[in-house]
Amino acid sequence: MYHRVTRDEKVPGITPETFEKHLQLLNKYYQVVDIDTALTTGKLETKAKIVLTFDDGYYDFYTEAWPLLKKYNFPASIYITTDFIDGDMWMWPDKVREILSKSSLDSITLANIGELALSAERYEDNWHRISDYCLPMLESERGGYIDDLAQLFGVELPKKPPQRFSGLTWTQLQEMQEDGLNIGSHTLSHPILTRISQEHLEQELAQSKQVIEEKLATTVKGICYPNGMQADVSENVINTAKKCQYHYGLIAYSQEKSDSVFEISRIAASGDIAALAFSLLDRKIKNNIREYSEQ
Ligand SMILES: [Zn+2]
């Protein structure tokens, strides 16, 4: 599971150099297959087979990741948030980043969060403190809270995200699809699906699928659940995904047993090459190494 490949130090992601090292490791020891092949030939947990997935649909997938994937001739799937592709929305964690990097205040005290020293060195830590507070909020309340934060910090947020935080375009997606990219849904607006009404849930799942199918003349099979942790994917979310005619669903963590194609485990490939190599090891070997290193 990847999100962004970028040299921009102000955004989370891995560099193109690290990403290429990942691809070299996979090229040497694994067989990278497309998700449909993996699902039809059976076991995803077969060690030799790897599927590469990307979430959200940031522009750098086109500029950084895709050229490298082409270089190694690796298939990949991307799960896009369609309002983000339409250019109508920000991913809310990026708004927090923008507020922190644009504010000219030296420090601020926020209710429920506490005092923040607004230095460059504290940027990541401050981002985590604010984001951790925002994440569990109701979808309907978070937007207003972040707008209020922008005011408190004296930052004006543009309606559309700046380049650094912007999404792919439909034209880029179409070009990459013609070149073999598989495209799935990551909903319309990236809400946590267990915290919205049934009507809103059906809209997020059905309309995002429909928009992609219309814009790209394709059939969307996969849904990648926003945030994708245990609390974000209920039985009702899965049943609604089935009802909306998805064929499979991706979660954002690795679980020992994953019997359902609507809860496909993933490994976050966010670290350096050693971190990736370790996370791809067999669970038993991992436990042995952990025990050994704790001795
Ligand atoms: Zn996402």
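Predicted model: local features only at pLDDT ≥ 70, side-chain atom pairs only at ≥ 80, totals over all residues.
**View 1. The protein chain splits into two domains.** Domain 1 covers residues 16-87 + 184-288, while domain 2 covers 92-152; these bounds come from an automatic or database domain assignment. Residues are numbered from 1 along each chain as its sequence is written, and side-chain values use heavy atoms, with hydrogens and water left out.

**View 2. Here's where domain 1 and domain 2 bury area against each other.** The size of an interface is often given as the accessible area lost when the parts come together. Domain 1 and domain 2 bury about 500 Å² between them, with 48% of it on carbon and sulfur atoms (buried area is the accessible area, with a 1.4 Å probe, that two parts lose on being put together, summed over both). On the domain 1 side, look for Y58, I192 and R195, which supply 68% of the area that domain 1 buries against domain 2. How many salt bridges are there between domain 1 and domain 2? The count is zero, where a salt bridge is a side-chain nitrogen of Lys or Arg within 4 Å of a carboxyl oxygen of Asp or Glu.

View 3. D56 (OD), H186 (NE2) and H190 (NE2) lie 2.1 Å from the zinc ion (donors are N, O and S atoms within 2.8 Å of the metal, or 3.2 Å for Na, K and Ca; water is not among the atoms, so sites may look incomplete). Along the chain, the donors follow the spacing D-x129-H-x3-H. D56 sits in strand β3 (residues 53-56) and H190 in the loop between β7 (182-185) and α9 (198-216), so this pair links parts of the chain 134 residues apart (helices, H or I with at least four residues, and strands, E with at least two, are DSSP runs numbered from the N terminus).

View 4. Most residues other than glycine have a negative phi. N73, in the loop between α3 (60-71) and β4 (77-80), has a positive phi near 60°. T187, in the loop between β7 and α9, has a positive phi near 70°. Is each one buried or exposed? N73 is exposed at 66% relative accessible area, but T187 is buried at 0% (buried means under 20%, exposed over 50%, partly exposed in between, with a 1.4 Å probe and protein chains only).
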